[in-house]
Amino acid sequence: MANVGDSGVVILRHKDAQLAGSVGMPNFLSSGGRSKDPASMSIAFLSQQQLRSFNFPYQLGFSGSEEEEEGLFETPMDANVTGYAVRPGDVAIVATDGLFDNVELDEMCHIAIEWEKKWFSGANEGRHLEGGVRRESEAMDDLATRLCYRARELSVDKHTDSPFAILAKENDIMWGGGMPDDCTVVALRVTSDPPLSQLRR
């Protein structure tokens, strides 16, 4: 995957995955990226933000003048290119900073677990939903919507410090509460190979 700026990718994996890495917020890492709850998920992978300075991310752009653009924008060559091995049951979230600035990583895991309970009655384990591609799309749309709504709710919360507010304070900027911003989320799920009959639906 290739990423420029402060949008990113996070891969969620159930805690019984011994190979799961743990890259995330300090309070999440304090437990080694693993929860005591046997039904919980951990962070297997988190793409790194690219920033010139705090709240000043890398970005692509076009001004119409090559002279003006020099040093003003980044190019695709500046992308952080990463590969990560996934396995059935993994859930990948691709999102803009509107999600990551407002929703803690461990809460994303909790939202994904609640989503699994609704659609799979437990861990998805890479199983296919009855109903084919349309049903799978409905499920992933539901997870993306849940994350977007939660990000929106927290972005206007003036009483709970968001990940953005915590990072702002670390950079000597007095910011409290959420960070209002647009939010785009795409949710994906790694599944086992389906039978050919299901692919034809």
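**Helix α4 (residues 105-120) lies across β2, β3, β7 and β8, and runs at about 120° to β3.** Helix α5 (residues 132-155) also packs on the sheet, where it touches β7 and β8, and its direction makes about 135° with that of β8. Helices (H or I, at least four residues) and strands (E, at least two) are DSSP runs, numbered from the N terminus. Each angle lies between 0 and 180 degrees and is taken between N-to-C directions, along axes fitted as lines to C-alpha atoms, for helices over the stretch in contact. The model is predicted: local features need pLDDT of at least 70 and side-chain atom pairs count only at pLDDT 80 or more, whereas totals for chains, interfaces and linings use all residues. Residues are numbered from 1 along each chain as its sequence is written, and side-chain values use heavy atoms, with hydrogens and water left out.

**The whole protein has 7 helices and 8 strands.** Of its 201 residues, 40% are buried (under 20% relative accessible area; exposed is over 50% and partly exposed in between, with a 1.4 Å probe and protein chains only). Among the contacts in the protein with a separation of 6 or more, 73% come from residues 24 or more positions apart; a contact means heavy atoms within 4.5 Å.

**Four strands form an open sheet in the order β3-β2-β7-β8, with antiparallel pairing.** The edge strands, β3 (41-46) and β8 (185-189), each pair on one side only. On average, neighbouring strands of this sheet are turned by 25° against each other, direction ignored. Two strands count as paired if DSSP finds at least two bridges between them. Strands of a sheet pair through backbone hydrogen bonds, in either a parallel or an antiparallel sense.

**Bridges connect the neighbouring strands β2 and β3, which pair in the antiparallel sense.** The β2 and β3 pairing has 5 bridges, and Leu 12 has Ile 43 in β3 as its bridge partner. Strand β2 (residues 8-14) is also joined to strand β7 (residues 91-95) by 5 bridges, and these two run antiparallel. Here Val 9 has Val 94 in β7 as its bridge partner.

**Helices α4 and α5 pack at an angle of about 145°, with their axes 10 Å apart.** Two packed helices are described by these two quantities, the angle between their axes and the distance between the axes. The crossing of α4 and α5 is right-handed, that is, the near helix is turned clockwise from the far one by less than a right angle, with anticlockwise giving a left-handed crossing. From α4, the residues that take part include Met 108, Ile 111, Trp 115 and Trp 119; from α5, they include Ala 139, Met 140, Leu 143 and Leu 147. By class, the contact of α4 with α5 has 10 nonpolar, no polar and 8 charged residues. Here Ala, Val, Leu, Ile, Met, Phe, Trp, Tyr, Cys and Pro count as nonpolar, Asp, Glu, Lys and Arg as charged, and the others, Gly among them, as polar.

**Phe 164 and Trp 175 form one of the 4 aromatic pairs in the structure.** Their rings are edge-to-face, 5.4 Å centre to centre, with 80° between the planes. Rings of Phe, Tyr and Trp (its six-membered ring) pair if their centres lie within 6.5 Å; planes under 30 degrees apart are stacked, over 60 edge-to-face, and the rest tilted. Phe 164 belongs to helix α6 (residues 163-170), and Trp 175, 11 residues apart from it, sits in the loop between α6 and β8. Phe 164 is buried, with a relative accessible area of 6%, whereas Trp 175 is partly exposed at 31%. Ring pairs also link Phe 54 with Phe 164 and Trp 175 in a cluster.

**In helix α6, the buried residues are Pro 163, Phe 164, Ala 165 and Ala 168.** The elements covering them include α3 (97-100). Asp 172 follows α6 and has a positive phi, near 60°.

**Asp 157 lies in the loop between α5 and α6.** Its relative accessible area is 22%, so Asp 157 is partly exposed. Asp 157 touches Gly 177 and Gly 178, when residues up to four places away in sequence are not counted. Between Asp 157 and Gly 177 the C-alpha to C-alpha distance is 5.6 Å, although they are 20 residues apart in sequence.
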